[in-house]
Amino acid sequence: MSADGTPAATRFLRTTGQHAVIEPDEFTEGSFVLSIGGAEQSHVNLADPEDIFYEYLRRIGHVVDLAAPWGEPITALHLGAGALTLARYIQATRPGSVQYAVELERELLDFVLQQLPMPEGTSLQTVIGDARESLGALPAELRFDVVILDIFSGPEAPAHLACTEFYQEAADRLTERGVLIVNVGDEPGLTLVRSQVAALRRAMADVSAFAEAGMFAGRYPGNIILTGTRGPWPDSWTAALTARGPHPAKVLSGVELDVLSV
């Protein structure tokens, strides 16, 4: 139950054996928090979907902003749905976009859509299943301007996803302007980040890393956003992302990214 007495909604997730809870954010009116197994997973502002609470998701949103001219509809694929925070952001900033969301937990996606409905007019197709298998099962002609992978957390990433072969399969589904965005949550030392930089570099024409500036020292746990492009990484994107933050922000690309080589 929230501080104002509003009861929390709960759903048992059979795949993991954990409970998902959605409750109002007592600090921001119109916002809700999704927790799984007692750990906060997502934050949604139904009153203002352009307001993204978590820093790493805001960084992903800024990359999406650069993927096409401002306000232009795009096709987007979300591998790992959570509370669909980014899907809501894309619908708010790019009305008319066509989106797909893949989630392993059927109960979670049903629960989120029941408790936190998508904005009217949203074109969102949901797919239940493993991210790699579901990607391969999508219609062969389907191409995406943005593919977002938000599954990795900590050093134990699924081996069949954290590899060059999977990134190549995802890259094959991109439009000419398409970008592949991977959120990597990692521990000090950045072992997973380093392996994913190497894997992405083998699959994409160019790769960048975007995070809070201190993350690149490898002393703290946190999130680094990796972006693969089909052509050279634009220098203008580095300037734009650094300016947009959240601050302090840093982008590594080209030879600068070699500091994260395995």
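In what order do the 8 strands of the open sheet with mixed pairing run? In this predicted model, where local features need pLDDT of at least 70, side-chain atom pairs count only at pLDDT 80 or more, and totals for chains, interfaces and linings use all residues, the order is β7-β6-β5-β8-β9-β11-β10-β12. Residues are numbered from 1 along each chain as its sequence is written, and side-chain values use heavy atoms, with hydrogens and water left out.

Two strands pair if DSSP finds at least two bridges between them. At the edges of the sheet stand β7 (123-128) and β12 (249-253), each of which pairs on one side only. On average, neighbouring strands of this sheet are turned by 15 degrees against each other, direction ignored. Inside the order, strand β10 (residues 206-212) pairs with strand β11 (residues 222-229) in the antiparallel sense, over 5 bridges. Here Val207 has Gly228 of β11 opposite it.

Helices come next. Helix α3 (residues 106-115) lies across β6 (98-103) and β7, and runs at about 155 degrees to β7. Such angles run from 0 to 180 degrees between N-to-C directions, with axes being lines fitted to C-alpha atoms, for helices over the stretch in contact. Another arrangement involves helix α5 (residues 164-171) and helix α6 (residues 191-203), whose axes come within 8 Å and cross at roughly 45 degrees. The two helices α5 and α6 are therefore oblique to each other; angles under 35 degrees count as roughly parallel, over 145 as roughly antiparallel, 65 to 115 as roughly perpendicular and the rest as oblique. Their crossing is right-handed, a term used if the near helix is turned clockwise from the far one by less than a right angle, whereas anticlockwise is left-handed. From α5, Thr164, Tyr167, Gln168 and Ala171 meet Gln196, Ala199, Leu200, Arg202 and Ala203 of α6, contact meaning heavy atoms within 4.5 Å. By class, this contact of α5 with α6 has 5 nonpolar, 3 polar and 1 charged residues. In this scheme Ala, Val, Leu, Ile, Met, Phe, Trp, Tyr, Cys and Pro count as nonpolar, Asp, Glu, Lys and Arg as charged, and the others, Gly among them, as polar.

Some backbone details also deserve a look. Most residues other than glycine have a negative phi, and most peptide bonds are trans. Leu84, in the loop between β5 (75-79) and α2 (85-93), has a positive phi near 65 degrees. Leu84 is buried at a relative accessible area of 1%, where buried means under 20% relative accessible area, exposed over 50% and partly exposed in between (1.4 Å probe, protein chains only). Leu190 also has a positive phi, of about 55 degrees, and sits in the loop between β9 (174-186) and α6. The relative accessible area of Leu190 is 0%, so this residue is buried.

The loop between α7 (235-244) and β12 holds Pro246, which is joined to Gly245 by a cis peptide bond with omega about 0 degrees. Pro248 is found in the loop between α7 and β12 too, and a cis peptide bond, again with omega about 0 degrees, links His247 to Pro248.

Finally, Ser35 belongs to strand β3 (residues 31-36). Ser35 counts as buried because its relative accessibility is 10%. Leaving out residues up to four places away in sequence, Ser35 touches His19, Ala20, Val21, Glu40 and Gln41.

Definitions and conventions: Helix = DSSP H or I, 4+ residues; strand = E, 2+ residues; numbered from the N terminus.
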